[in-house]
Amino acid sequence: QGVTAIAPASPKWSSCFATEPAISLTLVGFWRAIRRHTWKIAIFVAVTLLCTGIILLRLPKEYEGTAVIRLDPSSQVDVVGNQGGNGNQSNMGIMLATDQKEIFTPAVVTRTILKLGLWHPPANGSSTTVPASIVAKTTGGISVSQVRGTYLLNVSYRCTSPRQAAAVANALAEQFIEHEYETRNSALVSLSQYMRQQIQELGERMKDSQLALNAFQRENNRVN
């Protein structure tokens, strides 16, 4: 049998990077594909926009009302009667954070609901307490934020009625101010009662001390 010699294959190096002509051909191919399916692409975009518009139209519109509260740090009174305005910056931050959380409390939210008539008690008088679901629903629309670098609080309420959004925001601010006044007034009354009691006890102690001193002087013939 004859033997045929096979020449060894010479190595060929190929670059893994596409050359400029290949890129041009690829872009041309894409462009041709887009031109062939122009109507399909246009129909897809139109249907997508139409569906998006229908969904947006079906969604209920929400409105937000905002009321601004200015806090007075000098009016803060602690349990010993010192004014909060003399505190440091950290105390001011604590005061602002506390006031923001206080607006979300049932003491403020419930009074707002009753004032605006967002819930009416049953005619048979079976319950006079606002249901927790109503309180939670109202609280869910509330947002409070501090204006950076100031003592201003933005109290906002969001709902589907513009009139109700504004009314609730204003009522929340009013009820918060009233609640703060009542709380501070109650603290001042308690403080005055405590001080009055302390003064009375001190007077009684002084009287007892004076009687004891007089008795001691009489026993030791120090009084004519």
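Is Arg-111 buried, exposed or partly exposed? I looked it up: Arg-111 comes out as partly exposed, at 24% relative accessibility. My cut-offs are under 20% relative accessible area for buried, over 50% for exposed and partly exposed in between, using a 1.4 Å probe and protein chains only.

Ground rules first. I'm working on a predicted model, where local features need pLDDT of at least 70, side-chain atom pairs count only at pLDDT 80 or more, and totals for chains, interfaces and linings use all residues. Residues are numbered from 1 along each chain as its sequence is written, and side-chain values use heavy atoms, with hydrogens and water left out.

Next, salt bridges (a side-chain nitrogen of Lys or Arg within 4 Å of a carboxyl oxygen of Asp or Glu). I searched the whole structure and got six.

Arg-111 is in one of them, with Glu-178, and the closest N and O atoms are 3.2 Å apart. Glu-178 sits in helix α6 (residues 162-219) and Arg-111 in helix α4 (residues 106-116), so this pair ties together parts 67 residues apart in sequence. For helices I take DSSP runs of H or I, at least four residues, and for strands runs of E, at least two, numbered from the N terminus. Glu-178 is partly exposed too, at 37%.

Then I checked Glu-174 and Lys-115: another salt bridge, closest N and O atoms 2.2 Å apart. Glu-174 is in helix α6 and Lys-115 in helix α4, so parts 59 residues apart in sequence are tied together.

Last entry: Glu-62 and Arg-158 meet in a salt bridge at 3.9 Å, N to O. Glu-62 is in the loop between α2 (38-58) and β1 (63-70), while Arg-158 is in strand β3 (residues 152-159).
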